[in-house]
Amino acid sequence: MFSNDKNIEIIASLGNEIKRYIQLREKQIKLDATLILSQLLAAIALAAVIIILLGAVLLVLTFALSSIVASWVGSEALGYALIALAYALLAALIYFKRNAWIKEPIVRFVSALLVKNDENETNEANEPNQNL
């Protein structure tokens with residue numbers, strides 16, 4: 001009888017430990033997801049601020065360049081048209097190179113965030129417990 005009661009206690013304790021382990025893993029996954037998401041959002045916010053500032057600088061430089069081109073060609077409208085044409089060619093170049101210049105770097109950045117996190121988990125799992 002005593003052996004059966006002890007086995008039941010051990011099984012109940014094991015069940016509680018498994019439940020606790022699952023809860024801790026769930027919490028770790030949530031924290032990892034929060035870390036990855038916050039890093040991604042921080043990068044997006046930084047890129048947005050830089051793009052807005054560079055856009056403002058580019059706008060002012062465009063007007064200055066249009067004025068210079070207008071003085072060379074003798075017509076303000078033609079100067080603006082030439083700058084617009086240059087921007088259209090630049091937009092076409094960016095469109096044709098969008099995978100190499102935009103898509104692939106974003107994929108590498110996001111996958112680096114995910115893989116870096118997975119490698120940290122693997123290293124932590126393979127390291128011996130120092131607290132023993």
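This briefing covers model confidence, aromatic pairs and a nonpolar surface patch in one protein. The structure is a predicted model. Its mean pLDDT is 88, and 86% of the residues reach 70 or more. A search of the whole structure finds two aromatic pairs. A nonpolar patch on the surface has about 950 Å² of accessible area in total.

**Confidence**

- Helix 2, which spans residues 76-96, has the highest mean pLDDT among the elements of the protein, at 95.
- Helix 3, which spans residues 98-126, has the lowest mean pLDDT among the elements, at 79.
- Where pLDDT is low, the predicted coordinates should not be read in detail.

**Aromatic pairs**

- A pair of aromatic rings is described by the distance of the centres and the angle of the planes.
- The search of the whole structure gives two such pairs.
- One of them joins F63 and Y80, with 6.3 Å from centre to centre and 80 degrees between the planes. This pair is edge-to-face.
- F63 belongs to helix 1 (residues 2-73) and Y80 to helix 2, so the pair links distant parts of the chain, 17 residues apart.
- F63 has a relative accessibility of 46%, so this residue counts as partly exposed, between the limits of 20% and 50%.
- Y80 is also partly exposed, because its relative accessible area of 32% lies between those limits.
- Y95 and F96 form an aromatic pair as well, with ring centres 5.5 Å apart and planes at 70 degrees. Angles over 60 degrees count as edge-to-face, so the pair of Y95 and F96 is edge-to-face.
- Y95 has a relative accessible area of 48% and is therefore partly exposed.
- F96 counts as exposed because its relative accessibility is 66%, and exposed means over 50%.

**A charge over a ring**

- R98 lies over the face of Y95. The distance from R98 to the ring centre is 4.2 Å.

**The nonpolar patch**

- The patch on the surface is formed by L58, Y87, L90, L93, I94, W101, I102, I106, F109, V110 and L114.
- Helix 2 and helix 3 are the elements that give two or more residues to the patch.
- Helix 3 supplies the largest share, six residues.
- V110, one of the patch residues, lies in helix 3.
- The relative accessibility of V110 is 30%, so V110 counts as partly exposed.

Key: Residues are numbered from 1 along each chain as its sequence is written. This is a predicted model: local features need pLDDT of at least 70, side-chain atom pairs count only at pLDDT 80 or more; totals for chains, interfaces and linings use all residues. Side-chain values use heavy atoms; hydrogens and water are left out. pLDDT is the predictor's confidence in each residue, from 0 to 100. Helices (H or I, at least four residues) and strands (E, at least two) are DSSP runs, numbered from the N terminus. Rings of Phe, Tyr and Trp (its six-membered ring) pair if their centres lie within 6.5 Å; planes under 30 degrees apart count as stacked, over 60 as edge-to-face and the rest as tilted. Buried means under 20% relative accessible area, exposed over 50%, partly exposed in between (1.4 Å probe, protein chains only). A charge sits over a ring if NZ of Lys or CZ of Arg is within 6 Å of the ring centre and within 35 degrees of the ring normal. Patches are made of residues with over 30% relative accessible area and no salt bridge: like charges are joined within 9 Å, nonpolar side chains (Val, Leu, Ile, Met, Phe, Trp, Tyr) within 5 Å. Accessible areas come from the Shrake-Rupley method with a 1.4 Å probe; for residues, only the protein chains shown count as cover. A salt bridge is a side-chain nitrogen of Lys or Arg within 4 Å of a carboxyl oxygen of Asp or Glu.
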